Amino acid sequence: MRFLSEYRDPVLARTLIQRIQTTASRRWTLMEVCGGQTHTIVRQGLDELLGGAIEMIHGPGCPVCVTPLEQIDKALALAAHPEVIFTSFGDMLRVPGSSCDLLQVRARGGTVRVVYSPLDALELAIRTPDKQVVFFAVGFETTAPANAMAVWRARQLGVPNFSVLVSHVTVPPAMTAILDSPDNRVQAFLAAGHVCAVMGWTEYEPIAARYRVPIVVTGFEPLDILEGMLMAVQQLESGRHEVENQYVRSVRREGTPPAQDLVRQVFRLGDRQWRGIGTIPASGLMLREEYADFDAEIRFSLGHIHAEEPAECRAGDVLRGNLKPTQCPAFGTRCTPEKPLGAPMVSSEGACAAYYNYARFRAPAPAAEVAS
Amino acid sequence: MTAIRYDGPACALPLTDTQRVQLGHGSGGKMSAALIRDHFLPVLGNHYLSQLADGAVVPIGNRRLVVSTDSFVVSPLEFPGGNIGTLAVHGTLNDVAMMGGDPLYLTAGFVLEEGLSLDVLDRVVRTMGHCADEAGVQLIAGDTKVVERGKADGMFINTTGIGLLDATFHPGPARAREGDVILVSGALGRHGMAIMAVREGLAFESTITSDTANLTPLVALLRAAASEGIATLRDPTRGGLASALNEIAQASNVGMELDEAALPIPAEVAAACEMLGLDPLYVANEGVLMAIVRPEKAEAALEALRTHPAGAEACVVGRVVSDHPRYVVLRTAIGGSRVVDLLPGDQLPRIC
């Protein structure tokens, strides 16, 4: 198929793998930031094909995984409300809250609908004026413009029964938090191509310079990822630490300014809790004052909902890259996709689910230095 | 608006231990299996039911009957390539055929929702008559019930199929063994994506049509060409090829190896799946036959399938192996490998 099979060509993949193996003079440690990239790596068996030439640490870029438990509990409370039609991207539906998940709320009578776009949720609100329609606005900079657009349009059109439960996060503060961590082992990053398609890469230039770490803006198909890895390894071997762009077919240095403008118009930066990681300053997008009417947390007075994460779930270590999913004592035993302890085992982008679904068959990874 | 009262935890992890039926229980994945294992078999289980097959083979005198029943719920009722009636006839005929039976009779029960257009009902019934005639089976008993508006999705249909078993033909889920070849009769994923495309309002360059088809002619061709060499037959409907192969791998205690590059997934199905974040291996088919065939009969079986229009694109997609018993592993196009497991519940579309 055009634009798909070209990026999955086995002959080119083998060539790239050989080049990575011959270029790397040692086993470098790379982090792919985005959960979509983690899935390509494990789903296509790229880690197996590389034969240990480089170590891949799976980063925190799974929007479903880092959405804090508290926000999930708020979503569950909203979905259970008799006047609310709760709308969400599909993979939020099985993420466990403190008590249950959205699918179970639906089985008990709540109205939960999967939408592919926040604008579909807005449409639903316009068509269903006697119900409150709430959209679960989660994700990184990739989903932020569309979510901002829905809120902006709702305000333009004066749709009184539409609101959003916001849990937006941004990538650069998370990368900085990982690099600042005393047990950081990441030597180079594959940055998330779709995030950069919106934001460009100027934000990453100071990070690369300050931490002397190569950052390669990388796509999501197998050949994208292998090429991104090769570019990162080449930088490490030659002692460079620059921001390079592998994903040239989608990303420009300045990104997509109209999308950025819209995001800035609707959202402001704020401190945000990341599930399993903790609060990262100025890492979240919150609705601006002038859009407060569309904030479901205010409209439904959800401020009293607080939640503690289960102690046994090591999602934080997995999301920070300190623990491979297969090294978690609960992996595949007390924590499976049917009975998840944490979100990384549920989401299709979650590292634990990727290993469970696609790779649990292979030998477990050798024990790494796990930070205490 | 008044604030919501939220009284803290209402149900405990683990999440699949639910006290209520969820949609995932109908997905054909692990939740469906658990529902049958925990709530039906302990009470209703017997020699026939416990085999968990698509139907049962029961002796009546010196003849053996194949009986299979299936219920059809689909929204929209009419879709490109067919309607709920096509599925109700083909689905049950195919289940009888996969057990090795020659279908002879059908019964049908209809649950109709108040307000259903009689034009739609007429179209569905006409289609059922046409499909039954084409397959040479008679619809010999029926029932209708009407429920209040909102209590059914337009209409639900249950059909039961009755056929006779050929004494020399014994395909079964536990008969796969190392070295066998896995064949499919044609393109994968068309039915499920035709439905999804209509539901999601996706406009593709070419419309995906459901593959709904009567598979009995293909079974007859296979039986003539490779009778004793056919280990297992399946029509991979709900849960797709992945779920069917997992069930057979477990029933036969063997491993399965699929070759991604060989999977006949049409470009428009692959594109729709990419767009919606779904895996075509788990998408329903309604007119694909999967056969597990002894290696020495594989070529003859393929040639036989290809003589029929519905089997023109028949191909080999994988092999039965002794490694990794009870697991299905996909050899990816790029040369890696991954496990293709049963899904816990329904496939959920990805966020981005």
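At what angle do helix α8 (residues 144-157) of chain A and helix α13 (residues 257-266) of chain A pack, and how far apart are their axes?

Reply: This is a predicted model, in which local features need pLDDT of at least 70 and side-chain atom pairs count only at pLDDT 80 or more, while totals for chains, interfaces and linings use all residues. Residues are numbered from 1 along each chain as its sequence is written, with chains lettered from A and ligands numbered from 1 in the order in which they are written.

Helices α8(A) and α13(A) pack at an angle of about 55°, and their axes are 9 Å apart. That angle makes α8(A) oblique to α13(A); angles under 35 degrees count as roughly parallel, over 145 as roughly antiparallel, 65 to 115 as roughly perpendicular and the rest as oblique. The axes are lines fitted to C-alpha atoms, for helices over the stretch in contact, and angles run from 0 to 180 degrees between N-to-C directions. Helices (H or I, at least four residues) and strands (E, at least two) are DSSP runs, numbered from the N terminus. The crossing of α8(A) and α13(A) is left-handed; this term applies if the near helix is turned anticlockwise from the far one by less than a right angle, and right-handed applies if clockwise. On the α8(A) side, the contact is made by A144(A), P145(A), A148(A), M149(A), V151(A) and W152(A). On the α13(A) side, A259(A), L262(A), V263(A), Q265(A) and V266(A) take part. Two residues are in contact if their C-beta atoms, placed from the backbone, lie within 7 Å.

Two further helix pairs of chain A can be set beside this one. Helix α9 (residues 171-180) and helix α11 (residues 204-211) of chain A have axes that come within 10 Å and cross at roughly 10°, so α9(A) is roughly parallel to α11(A). Here P172(A), M175(A), T176(A) and L179(A) of α9(A) meet Y204(A), I207(A) and Y211(A) of α11(A). Helix α2 (residues 35-43) and helix α16 (residues 351-359) of chain A pack at about 20°, with axes 9 Å apart, which makes α2(A) roughly parallel to α16(A) as well. Their crossing is right-handed. The residues involved are T38(A), H39(A), V42(A) and R43(A) of α2(A), and A351(A), A354(A), Y355(A), Y358(A) and A359(A) of α16(A).

Chain A also has an open sheet of 6 strands with mixed pairing, in the order β4-β3-β5-β6-β11-β10. Two strands pair if DSSP finds at least two bridges between them. Strands β4 (111-114) and β10 (267-274) stand at the edges, each with a single partner strand, so one side of each has no neighbour in the sheet. Direction ignored, neighbouring strands of this sheet are turned by 25° against each other on average. Within the sheet, β6(A) (residues 162-169) and β11(A) (residues 278-287) pair in the antiparallel sense over 2 bridges, and the bridge partner of V169(A) in β11(A) is G284(A).

Chain B has an open sheet of 5 strands, ordered β1-β2-β7-β5-β6, again with mixed pairing. Its edge strands are β1(B) (55-60) and β6(B), each pairing on one side only. With β6(B) (residues 138-147), β5(B) pairs in the parallel sense over 9 bridges, and G109(B) stands opposite D143(B). The chain crosses from β5(B) through helix α3(B) (residues 118-135) to β6(B) in a right-handed β-α-β crossover; with the strands pointing away from the viewer, the path from the first strand over the helix to the second runs clockwise. Helix α2(B) (residues 84-98) lies across β1, β2 (63-72), β5 and β7 of chain B, at about 30° to β7(B).

On confidence, the model scores ipTM 0.73 and pTM 0.82. The mean pLDDT (the predictor's confidence in each residue, from 0 to 100) of chain A is 89, with 95% of its residues at 70 or more. Over residues 363-372 of chain A the pLDDT is below 50, and this stretch has 13 contacts beyond near neighbours in sequence. Chain B averages a pLDDT of 89, and 92% of the residues score at least 70. Its residues 1-16 stay under 50, with 29 contacts beyond four places in sequence.
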